[in-house]
Amino acid sequence: MKKVECIIKPFKLDDVKNAITEMGISGMTVSEVRGFGRQKGHTELYRGAEYQVDFLPKIKLDLVVTDEQVQAIVEAVQKEACTGRIGDGKIFVSDVEQSVRIRTGESGPDSL
């Protein structure tokens with residue numbers, strides 16, 4: 001099993017979610033996060049004073065999937081989240097050693 005973490009722009013969430021659910025993925029965790037990379041924030045004006053916004057709003061998706069599903073999910077997220085501009089996000093894939101469904105006690109891929 002693999003954990004796929006995706007950091008995307010907030011307005012791309014619906015597009016990415018639709019693409020993933022069409023692939024038969026039945027669950028994901030969505031978090032509102034803030035951060036920066038090469039984009040490094042921007043300046044804004046508030047009541048005549050300029051200030052720096054260092055951390056930009058992003059959406060983080062966490063999915064745990066079978067090894068066979070990883071490549072298709074990465075490609076779908078990359079396609080749907082891409083705007084071609086800086087700050088589109090990142091995708092991280094890591095190994096998951098164990099997964100347990102609390103309600104039934106199922107473990108491994110059966111618990112997904």
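So, which strand is Val30 found in? Val30 sits in strand β2. Strands here are DSSP runs of E with at least two residues, helices are runs of H or I with at least four residues, and both are numbered from the N terminus.

Before I go on, a word on the model. It's a predicted one, so to speak of local features we need pLDDT of at least 70, and side-chain atom pairs count only at pLDDT 80 or more, while totals for chains, interfaces and linings use all residues. Residues are numbered from 1 along each chain as its sequence is written, and side-chain values use heavy atoms, with hydrogens and water left out.

Okay, back to Val30. Val30 is partly exposed, at a relative accessible area of 40%. For those labels, buried is under 20% relative accessible area, exposed is over 50%, and partly exposed is in between, with a 1.4 Å probe and protein chains only. Setting aside neighbours within four places in sequence, Val30 is in contact with Leu13, Ile59, Lys60 and Leu61, where contact means heavy atoms within 4.5 Å. Then there's Asp62: 32 residues from Val30 in sequence, and 6.6 Å from it in space, C-alpha to C-alpha.

Leu13 takes us to helix α1. Which residues of α1 are buried? They are Leu13, Val16, Ala19 and Ile20. If you look down the axis of α1, those buried residues fall within an arc of 140°, so they line one face of the helix. The arc is taken from the directions from the helix axis to the C-beta atoms. And what do they pack against? The buried residues of α1 pack against β1 (2–8), β2, β5 (56–65) and α2.

After α1 comes Gly24, which has a positive phi, near 95°. Ile25 is in the loop between α1 (13–22) and β2 (29–35). Beyond its neighbours within four places in sequence, Ile25 is in contact with Ile20, Leu63, Val65, Gln69 and Ile73. Thr83 is another story: Ile25 and Thr83 are 58 residues apart in sequence and 24 Å apart in space, C-alpha to C-alpha.

The side chain of Asp88 makes a polar contact with the side chain of Thr83, at 2.4 Å. A polar contact is a pair of N or O atoms within 3.5 Å; within protein, one must be able to donate a hydrogen and the other to accept it, and residues adjacent in sequence count only if both atoms are side-chain atoms. Asp88 lies in the loop between α2 (70–81) and β6, and at 14% relative accessibility it counts as buried. Apart from neighbours within four places in sequence, Asp88 is in contact with Ile7, Ile8, Lys9, Ala81, Cys82 and Thr83.

Now the cysteines. Is Cys6 buried or exposed? Cys6 is buried, at 0% relative accessibility, whereas Cys82 is partly exposed at 43%.

On to the largest pocket, with a volume of about 340 Å³. Of the 16 residues that line the largest pocket, the closest to its centre are Phe36, Gly37, Arg38, Gly89 and Lys90. The geometry is a 1 Å grid over the protein atoms alone: a pocket is an open set of points where a 1.4 Å probe fits, with protein on both sides within 12 Å along at least five of seven lines, and lining residues have an atom within 4 Å of a point. Grid points are joined across faces, edges and corners, and the volume is the space filled by probe spheres set on the points. β2, β5 and β6 each supply at least two residues of that lining. Arg38 itself is in the loop between β2 and β3 (42–46), and is exposed, at 74%.

Last stop, the segment after β6 (89–95), where we find Ser99. Ser99 is buried at 14%, and its side chain makes a polar contact with the side chain of Ser111, at 2.6 Å. Gly105 also lies in the segment after β6, and is partly exposed at 45%.
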